[in-house]
Each structure stands twice: as C-alpha cells, then as structure tokens.
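Biologist: I would like to learn how to read a structure like this one. Where do we begin?

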Amino acid sequence: LMKKLDSYTEDELLELYESFLDDVEKDGYEYIPTRSKFAKSLGYRPSEMYRWLNLHPHASAKMKAMTADVIASGAMLKHYVPNASALALKNWCGWEDSPKTNKEKDSKTAKAERDAEKLLDEYIGEKREKRKREHAQLS
C-alpha cells in the first residue's frame with residue numbers, strides 16, 4: 001500500500017525531490033526535471049502533486065529553486081536546449097531577465113532628472129522671491 005501524498009511532510013518530500021534531481025544529473029540530464037515527472041516517479045498523478053504544492057507554498061518555492069539549479073546546469077553543460085531552458089527557468093522557476101543597462105538611455109534619463117531638478121529649484125526660488133516681495137509690501 002502506497003503512502004498518501006498528503007501524509008508527507010515538506011522536509012520528506014523535499015528530500016525525495018533532491019534525490020530525484022540527483023538522479024537527473026547522474027543520468028546525464030536525459031530527461032527534464034518537471035514536477036509532473038517527479039510525481040510519476042513516486043507513483044502519484046501530477047494533479048495530486050500540484051495540489052500538494054499549492055498547499056505547501058514554502059516547499060514549492062524551494063523546489064522551484066532546486067529545479068532552476070538543475071535546468072541551468074543542464075543547459076550550461078549543453079544537455080538542454082538553451083532557449084527552451086531559458087523559457088523553463090522563466091515560466092517554471094520564476095526567473096526574470098535582468099534589466100540591461102543602456103548607458104545612452106541612462107544618461108538621457110540622468111540629464112532629464114537634472115533639468116527637472118533645475119526647473120524645480122528655479123520655480124521654488126521664484127516663489128520664495130515673490131513671497132518676500134509680498135511680505136515686504138505688507139510691512
């Protein structure tokens with residue numbers, strides 16, 4: 001009789017997942033480390049695994065990070081297709097592109113900010129002068 005998936009603690013299932021990922025690496029990255037494949041390797045339906053993961057967001061987040069390591073390693077070692085790996089990392093593991101620093105755009109933005117600051121200073125200065133004049137007229 002197989003243990004019910006719900007009876008696993010987060011630590012127990014994470015330990016099993018770690019073993020699953022070790023096997024992926026040992027087997028030369030012949031297959032993709034999906035959570036569906038992990039469920040099937042334990043004899044459970046993927047839907048059961050996804051239900052368990054929804055109930056255990058902390059474990060789910062850890063699994064995503066562990067999966068990302070294996071997918072990135074597999075891609076760098078040329079076992080997985082780079083573009084597909086990048087999509088998997090973004091869609092399955094929550095990775096994002098790091099924003100590219102565009103020096104030209106940055107310098108334009110910096111200049112615009114300096115100009116805006118200058119205009120604001122001038123405006124505040126004019127307001128201050130106007131208040132001084134008004135105050136002088138009152139006294």
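Modeller: Let us begin with a loop. Lys78 sits in the loop between H4 and H5. Its phi is near 65 degrees, a positive value in a residue other than glycine. Lys78 is exposed, with a relative accessible area of 73%.

Biologist: Which other residue, in the loop between H1 and H2, can we look at?

Modeller: Take Tyr29, which lies in that loop. Phi of Tyr29 is also positive, near 55 degrees, and Tyr29 is not a glycine. Tyr29 is buried, though, with a relative accessible area of 9%.

Biologist: How far should I trust the coordinates?

Modeller: This is a predicted model. Where pLDDT is low, the predicted coordinates should not be read in detail. Here the chain averages a pLDDT of 87, and 89% of the residues score at least 70.

Biologist: In which helix is confidence lowest, and in which is it highest?

Modeller: Confidence is lowest in helix H6, residues 103-138, with a mean of 74. Helix H1, residues 10-26, has the highest, at 97.

Biologist: How do I check the length of a helix, and what span should H4 have?

Modeller: Count 1.5 Å a residue. Helix H4 covers residues 57-76, so its 20 residues should span 28 Å. The end C-alpha atoms of H4 are 28 Å apart, which agrees.

Biologist: Which residues of H4 are buried?

Modeller: First, the general idea. An α-helix has 3.6 residues a turn, so residues three or four places apart point the same way. Now the case. Among the buried residues of H4 are Ala59, Ser60, Met63, Met66, Thr67, Val70, Ile71 and Gly74. The buried residues of H4 pack against H1, H2, H3 and H5.

Biologist: How do I describe two packed helices?

Modeller: Two packed helices are described by the angle between their axes and the distance between the axes. H1 makes the contact through Leu13, Leu16, Tyr17 and Phe20, while H2 uses Arg35, Lys37, Phe38, Ser41 and Leu42.

Biologist: At what angle do the axes of H3 and H4 cross?

Modeller: They cross at roughly 110 degrees, and the axes come within 5 Å. That makes H3 roughly perpendicular to H4. On the H3 side, Trp52, Leu53, Asn54 and Leu55 make the contact. On the H4 side, Pro57, Ala59, Ser60 and Met63 do.

Biologist: What should I look for in the interior?

Modeller: In soluble globular proteins, nonpolar side chains tend to be buried together. The largest nonpolar core here has 20 residues. Those with the most contacts inside this core are Leu5, Leu13, Tyr17, Phe38, Met49 and Met63. H1, H2, H3 and H4 each give two or more residues to it. H1 gives the most, with six residues. There is also a second, separate core of six residues, including Ile71, Ala72, Ala88 and Cys93.

Biologist: Is Met49 buried or exposed?

Modeller: Met49 counts as buried, at 0% relative accessibility. Met49 is found in helix H3. Leaving aside neighbours within four places in sequence, Met49 is in contact with Leu5, Leu13, Arg35, Phe38, Ala39 and Leu42.

Biologist: Which residues does Leu5 touch?

Modeller: Not counting residues up to four places away in sequence, Leu5 touches Leu13, Tyr44, Glu48, Met49 and Trp52.

Notes. Residues are numbered from 1 along each chain as its sequence is written. This is a predicted model: local features need pLDDT of at least 70, side-chain atom pairs count only at pLDDT 80 or more; totals for chains, interfaces and linings use all residues. Side-chain values use heavy atoms; hydrogens and water are left out. pLDDT is the predictor's confidence in each residue, from 0 to 100. Helices (H or I, at least four residues) and strands (E, at least two) are DSSP runs, numbered from the N terminus. The expected span of a helix is 1.5 Å times one less than its number of residues. Buried means under 20% relative accessible area, exposed over 50%, partly exposed in between (1.4 Å probe, protein chains only). Contact means heavy atoms within 4.5 Å. A nonpolar core is a set of buried Ala, Val, Leu, Ile, Met, Phe, Trp, Tyr and Cys residues joined through side-chain atoms within 4.5 Å. Axes are lines fitted to C-alpha atoms, for helices over the stretch in contact, and angles run from 0 to 180 degrees between N-to-C directions. Angles under 35 degrees count as roughly parallel, over 145 as roughly antiparallel, 65 to 115 as roughly perpendicular and the rest as oblique.
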